[in-house]
Protein chains: 2
Amino acid sequence: MFLDRILNADSVAIVGASKNETKRGFQAIRTLLDEKYEGVIYPVNPKEKSVLGFKCYPHVADIEGPVDVALVATPAATIPAVLEDCGRKGVQGAVLLAGGFGEVGLDGRMLEEKVVATARQYNIRLIGPNTSGMLNLKKNLNLVGLREAPKGNIALLSQSGNMALTLITEAKIKSRKGFSYYVGVGNEADIKFHEYLEFFGQDPDTRAILMYVEGLREGRKFLQQAYKTTLEKPIILLKSGRSTTGKRSAGSHTGALAGMSEVAKGAFQRAGIIVIENSDELFPAAETLSSCPPIKNNRVAILADGGGHATIVADLLTDLGLVIPELSAKTQARLKQILPAAASVPNPVDVAGGTDADPSIFADCADIILKDPHIGGLLIVGLFGGYGIRFAESLAWMEEEAAHMMGKIVKKRKKPIVVHSLYNSAKPHSLELLRYYSIPVYDSLDVAAKCVAVLAEYGNYLSSYHTKTNFVLNWGAKAKPAGKKIVHNARQEGRRALLENEAKRLLALHGAPVLEDTLARTADEAVSIAQNFEGEVVLKIVSPDILHKSDAGGVQVKLRSAKEIRRAFDEIIANARKFDARADIRGVLVSPMASSGVEVIIGTKIDDQFGPVIMYGLGGIMVEILKHVSFRVLPITSAGAKQMIKETKSFPILNGIRGQAPLDKKALRKLLLLCSDLVESYPEIQEMDLNPVIVYEQGLRIVDARIILKEAAP
Amino acid sequence: MFLDRILNADSVAIVGASKNETKRGFQAIRTLLDEKYEGVIYPVNPKEKSVLGFKCYPHVADIEGPVDVALVATPAATIPAVLEDCGRKGVQGAVLLAGGFGEVGLDGRMLEEKVVATARQYNIRLIGPNTSGMLNLKKNLNLVGLREAPKGNIALLSQSGNMALTLITEAKIKSRKGFSYYVGVGNEADIKFHEYLEFFGQDPDTRAILMYVEGLREGRKFLQQAYKTTLEKPIILLKSGRSTTGKRSAGSHTGALAGMSEVAKGAFQRAGIIVIENSDELFPAAETLSSCPPIKNNRVAILADGGGHATIVADLLTDLGLVIPELSAKTQARLKQILPAAASVPNPVDVAGGTDADPSIFADCADIILKDPHIGGLLIVGLFGGYGIRFAESLAWMEEEAAHMMGKIVKKRKKPIVVHSLYNSAKPHSLELLRYYSIPVYDSLDVAAKCVAVLAEYGNYLSSYHTKTNFVLNWGAKAKPAGKKIVHNARQEGRRALLENEAKRLLALHGAPVLEDTLARTADEAVSIAQNFEGEVVLKIVSPDILHKSDAGGVQVKLRSAKEIRRAFDEIIANARKFDARADIRGVLVSPMASSGVEVIIGTKIDDQFGPVIMYGLGGIMVEILKHVSFRVLPITSAGAKQMIKETKSFPILNGIRGQAPLDKKALRKLLLLCSDLVESYPEIQEMDLNPVIVYEQGLRIVDARIILKEAAP
């Protein structure tokens, strides 16, 4: 893969090399030297002959040997020229540190486009611009102003240099784990998140991928790559910008109900990504997932030497969805054999002083507990590691023995142990030993519990994974020519909104059960159409100039007699003229009153990050009360549609609450799939809003539909 | 207050004093010596002549001088005799370390009762038993096996010795703040949480009270005391045991909808207590609240030197309910004067490198921001404190200058600054200076944001505080004699459940709008009663032996004709006989069908910890979907009833959604108050369940009511 040449570069040109110690062009070379980069360094600056003892070249093209990567430390405006120079040399990639591009407005955006175009011309791939740099810790290829980052097997991708610094500092201080690579993705002008993901997914030295993301440029490609990568290794991600994103999201019905972050979070989780919301948990989650076997059955045990800690983590793990089952009778009996009578053994296990004289009994307990086939992992909380500090020094040896034993237990049972210790900050040797055996240790109960939870979340994902890519496509392909005509016709008239009858016809063409209707041009026509329907009818204005029909007095319901229909027709037309004297009135739509049932809403829109998404939720009063809808990135599968229906809080209503008959969930699922297919088949569709759809015990009816097209290409 | 003599004891007897270094009776004396206790120490043990150079007394009664407190380190079984000895001496209080009481079963509970009775007899107050001890840091009165706890002005109350150890360790390592007192409340056999609270509320050296609670013995008294204390100083509390508590809670309708922890959390918050759910935030919240002015207007600013951190805390603060408003034009203009052009000044403020050459500019920015009258507090995030470490040493002096300035700004503006610093763990002098000025510093973004949020929560509480103790009492006192007769009659018959017609009559006596009904003994009577009602009627069995009427085929609805009523009467009686051949059948209740409206449920019950509580929520299908009801500890005020109605998710339905007329919220409020009053007036009531109550545009009707009495005293 192309990124291999760049991220594992054997030779680096430092463009903008400098003798001034405060300049990035000096520091970059100093850092490569100090950190013992294994490749060749070429300073480039036409004004200098040498920097730090290296020969300085006027241009990249003047360098004799091959150059894999250029680190460009010069200002934004110079970069097109620098890239041309690099291009002449055949450089593979460039790391662009300068800011002043897409993030600062129109001029910057134009410069960024020029930079990307120049790079494409010369086949140079770009990291950044506006990046803090990159770091390959295997080769000591340090192109970031940050030293002594700990080496390890976590790849770090961050959209914020400060957050990268935070995570690297945390690793250095609190952990024995470290990083294989760091890339600051910057503006993602060229290389995108999903390309880095693909590379790290394949990299044998990377066991987990840690990401800080504010926004994705290519959400769909990212998800497609994540689906593949998470089957190989865990991805741990914190997405910020929820609050502002929420505000930015359009005021359309779909957008108003949920900030796009809900879409993002759901989409990430369905791709197997571990989404973290609390920044304190971000590195620990990556540390744990990179070093422990996942928990396969969502069932864990707690081992404690005192009440309070166990109670707190029992609450936390329960809230996080884990099960803390009672241990089997056999396991309990075994524990009783080695613990004092006062010990509590059901789970949580409280040793009740049983480790005071010999803390190595912790390891014996751990072995007994993890032998229990119903238990997938163990959380130890309390004072372990501190017996030697608090009570007697000799106990420290026993703690160390326990640590060695626990290391073996984890390996043998292939089940994780996570440890909370009050004495973590005192850095006792026993806790360092646990870390040596890849058993994570935290001084926070919350963090320790969360780490157990992410091991279960990843385990659950891997064990529930089915072929999630089995998409339904091109359903109702035969109907497409007629449908395209409707779209074409609207565009020809310069319209972006389909008329209600057009939208419903398009849906009907593909087999959607729309409520029947007919366009009447005169009151007489309306009366005669109404005769085809049983019971009361509804009249609705049809005009490309009137989008919100009710607001314009364009809807009348529950009409019975010919007289009523005639009067309603005339009033609707008059109201429409009053609303907009120049409105293009196509007529009045006559349809029967839909019989009552449960109202739902289905909508689709194009999300900035993920492309087409679909929304489903209960309609009517309920949608305003529950404010709970379910989102998916399109296309969806039949299983996905089923899940969407099931995961909304309103599901019990559909399922037949309080002895009422269940409604036709199958028809609803079919309609969701049909919408998914429609949006695939008609890339012209920007937004679709079926509201309401009435669901019955058998079947359903789309009562109103709105379809907005994308701006036509000029 | 009696606790003053105990917690500030000038003399301590150590009962069970020992020469064996591994015994608590040795360690206790050693600790008092090492920690330089300012009072007098008296070892007590008939088997020793001296311990650690002190004369050892055979009995407490043998001590010549006065003895304020006895620390009892002897086993559980010896304690009644020890207390008698103490009582003869006139000891004020005893700290009982031993376990083996109420927490271990029936025998222990009986021993505990005996211990309390003995203490009462001799006017001795007890801390514990089963406590880790107590600590007065002003006097170095250290009766807990824990040394070098940092001194300060936070009082710590904990039900877990391990959690106390955790919090004290955290304070020592991460903070400059410390504790005035620690009390391990143990089993609360005698002195209860609320008594400690009263003492700490009055203690001039205590500025905040930090509590770890698993369960309260006297919840109501605790709340009453907390209402008073939180007006003086903040209480910060973590309540664990949610998950198990939830399971324990009975399967009654009220209990099933929400674990009692929801009641507890709501009750605590309404008393002004800061409830913390994340144990990592517990000490920091107390530290911040004990040292910073509260935020009065819920509006804060963020100051950052880079993007990622600011984005994350903006999300966190928004989630926590704070407002991050745009700064005033004047404030923005002032910031622009001292920051580079690239800086972002609306809020969050990003200095964009403007502090690189001189980090004291942070303080200038802080001053400008806190001058803005719309801003109540400031959160600084990023690298402050690390400029001297990361860039040039000289910058450290500027950071220290900034710290001095910020100390002055907080004092002058009476608005808090909370600081997040990535370099906190490196312990730069500037950050120590901030702490010296009581400006809290954290290396966690989550913790720093939470600390800002608790300052706002406490400020909001103080500024919204009204006379919350203005309870409505004895409403409908005239009706009480007739009501008491109903209760008395049921008890005479040996019943705990009132019959439906009794329950409704009791409610009606006090002015509650119950659906009218009359008891029919024969089918003829039923027909003639039905003639008094318009429209259809309902027939319901009345029998003390049939609680669930529908299950026994005891309800028939929508009956029109005399024929229908007769048949229904006979069927109901026959079904009842079939259900229970020996059932005591009182007749059949005839009532009109209630016209349709919105169904709600009101219930009351006696909570273990808080006594009488009331529950309100939407009924019918909605209660099962929303699973959201609102709870209050009784009695409630009119404002409380209004809030209860408003805070349920279903409120929009009552308020008239989608153009429907609003329903009679005033009548609902009145009914809630009436229920509150009823439970006060009839202490015999264990549980009351009004389900359904139908609410109309005008008025409401109680359709069914169930009242269960407490077990009669023998």
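Modeller: A residue counts as buried if 20 or more other C-beta atoms, placed from the backbone, lie within 10 Å of its own, as exposed if 12 or fewer do, and as partly exposed in between. This is a predicted model, in which local features need pLDDT of at least 70 and side-chain atom pairs count only at pLDDT 80 or more, while totals for chains, interfaces and linings use all residues. Residues are numbered from 1 along each chain as its sequence is written, and chains are lettered from A and ligands numbered from 1 in the order in which they are written.

Let us start with strand E5 of chain B, residues 69-72. Helices (H or I, at least four residues) and strands (E, at least two) are DSSP runs, numbered from the N terminus. Val69(B) and Leu71(B) point to one side of E5(B), Ala70(B) and Val72(B) point the other way, and all are buried. In a regular strand the side chains alternate between the two faces of the sheet.

Now for the partners of this strand. E5(B) is joined by four bridges to strand E1 of chain B (residues 11-15), and the two run parallel; strands pair if DSSP finds at least two bridges between them. Ala70(B) of E5(B) is the bridge partner of Ala13(B). Four bridges also join E5(B) to strand E6 of chain B (residues 93-96), again running parallel. Here Val69(B) has Gly93(B) in E6(B) as its bridge partner.

Helix H3 (residues 79-89) and helix H4 (residues 106-121) of chain B pack at about 5 degrees, with axes 9 Å apart; axes are lines fitted to C-alpha atoms, for helices over the stretch in contact, and angles run from 0 to 180 degrees between N-to-C directions. That angle is why H3(B) is called roughly parallel to H4(B): under 35 degrees is roughly parallel, over 145 roughly antiparallel, 65 to 115 roughly perpendicular and the rest oblique. Ile79(B), Pro80(B), Leu83(B), Glu84(B) and Gly87(B) of H3(B) meet residues of H4(B) including Lys114(B) and Val115(B), contact meaning C-beta atoms, placed from the backbone, within 7 Å. This contact of H3(B) with H4(B) has five nonpolar, three polar and two charged residues. Ala, Val, Leu, Ile, Met, Phe, Trp, Tyr, Cys and Pro are nonpolar, Asp, Glu, Lys and Arg charged, and the others, Gly among them, polar.

Over in chain A, helix H24 (residues 638-647) and helix H26 (residues 665-681) pack at about 120 degrees, with axes 9 Å apart. That makes H24(A) oblique to H26(A). Their contact includes Ala641(A) and Ile645(A) of H24(A) and Leu668(A) and Leu672(A) of H26(A). By class, the contact of H24(A) with H26(A) has six nonpolar, one polar and three charged residues.

Chain A also has an open sheet of seven strands with mixed pairing, in the order E9-E8-E11-E10-E12-E13-E14. Its edge strands, E9 (141-144) and E14 (274-276) of chain A, each pair on one side only. E8(A) (residues 133-136) and E9(A) pair in the antiparallel sense over four bridges, and Gly133(A) has Val144(A) in E9(A) as its bridge partner.

Finally, the two chains touch: the contact takes 42 residues from chain B and 42 from chain A. On the side of chain B that touches chain A, H12(B) gives the most, with eight residues.
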